[in-house]
Amino acid sequence: RAAHGAAWAALAALGLAGAVADDALLAGVASAFGSPAMQALTAVGAVEGGTAVSAADIRTAAKSLFLLAGTVGGLLVGSGVCPPALAKVLPHPVVVTALAGNGACAALGAVTGDGYWQTLQAYLTKGKVGAAPGAGDALMGFLGCVVLSFGFHIYGQRALLFRHAAEVVGCAAGSALLSLAGTCVAGRLMGLPPDLSLAVAPRSVTVA
């Protein structure tokens, strides 16, 4: 647990340092990607080549690293990688992870001057309009593995599912519809932008 916490803190610190570093320092880091060593790595396929790395690219990657560390750190803390006294009062790990991710967006937006909403939009870009992948894009890459692992677990309980097929299908369909409608209504009541409300609406359908 101590190793997990140390790794999370190191990644968060590294990402934050890169996000607030001055352009001259980041330009020096970017120039390293054109060094003979990096060219050799590109030649053997160890890193991807073909495009020049700029200071802005380094800053964007650092921001994503900080947000990724914040989200994963929330999952670790919510899963019990924290003092026992704190673990007893924490809510469900999913809630802790969501709070940590949003807190990381708010903190990074305040430090960099980008603001909460702009930082949140950069969290999950899906490559729209040539935008760089964010922390959410990296995490979404694991969604297929997560769903597959659920499939193995459900297969092990197939006999129980067949006995209660009507209840399972009814509850799943009803919960999905209520979740979709409830999230859209809650987003409208909270004054969230329509795009954001639609983006979070299918969360329970796609994950659970």
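Predicted model: local features only at pLDDT ≥ 70, side-chain atom pairs only at ≥ 80, totals over all residues.
1. The unreviewed UniProt entry carries the annotation "transmembrane region" for residues 65–86, 138–156 and 168–190.

2. Two of the annotated spans may be set against the model. Residues 65–86 are 77% helix and 0% strand, with their end C-alpha atoms 26 Å apart. Residues 168–190 are 96% helix and 0% strand, and here the end C-alpha atoms lie 32 Å apart.

3. The overall secondary structure may be stated briefly. The chain has 13 helices and zero strands, so that, by the DSSP runs used to assign these elements, its pattern along the sequence reads α-α-α-α-α-α-α-α-α-α-α-α-α. Of its 208 residues, 21% count as buried. Among contacts in the chain with a separation of 6 or more, 59% are between residues 24 or more positions apart.

4. Helix α4 covers residues 55–78. After α4 comes Gly-80, which has a positive phi near 110°.

5. Helix α11 comprises the 25 residues 165–189. The distance from its first C-alpha to its last is 36 Å, close to the expected 36 Å at 1.5 Å a residue. Which residues of α11 are buried? They are Ser-179, Thr-183 and Gly-187. Just after this helix, Gly-191 adopts a positive phi of about 75°.

6. Thr-97 belongs to helix α6, residues 93–112. Is this residue buried or exposed? Thr-97 has a relative accessible area of 17% and is therefore buried, the cut-off being under 20%. A polar atom of the Thr-97 side chain lies 2.7 Å from the backbone oxygen of Pro-93. When neighbours within four places in sequence are set aside, Thr-97 is in contact with Thr-71, Gly-74 and Leu-75.

7. The structure contains one aromatic pair. The pair is formed by Tyr-116 and Trp-117, with 5.2 Å from centre to centre and 70° between the planes. The arrangement counts as edge-to-face because planes over 60 degrees apart are placed in that class. As for accessibility, Tyr-116 is partly exposed at 28%, and Trp-117 is likewise partly exposed, at 39%.

8. A further ring is found at Tyr-155. Arg-158 lies over the face of Tyr-155, at 4.1 Å from the ring centre.

9. Gly-127 lies in the loop between α7 (116–123) and α8 (135–140). Why does Gly-127 count as partly exposed? Its relative accessibility is 43%, and the class takes in values between the buried limit of 20% and the exposed limit of 50%. Gly-127 and Asp-137 are 10 residues apart in sequence, and their C-alpha atoms are 8.6 Å apart in space.

How values were computed: Residues numbered from 1 in each chain as written. Heavy atoms only, no water. Helix = DSSP H or I, 4+ residues; strand = E, 2+ residues; numbered from the N terminus. Buried < 20%, exposed > 50% of the residue type's maximum accessible area, 1.4 Å probe, protein only. Polar contact = N/O pair within 3.5 Å; in protein donor to acceptor, adjacent residues only side chain to side chain. Contact = heavy atoms within 4.5 Å. Phe/Tyr/Trp six-rings, centres within 6.5 Å; stacked < 30°, edge-to-face > 60°. Lys NZ or Arg CZ within 6 Å of the ring centre and 35° of its normal. UniProt positions renumbered as here; feature names shortened; annotations may be inferred. Expected span 1.5 Å × (residues − 1).
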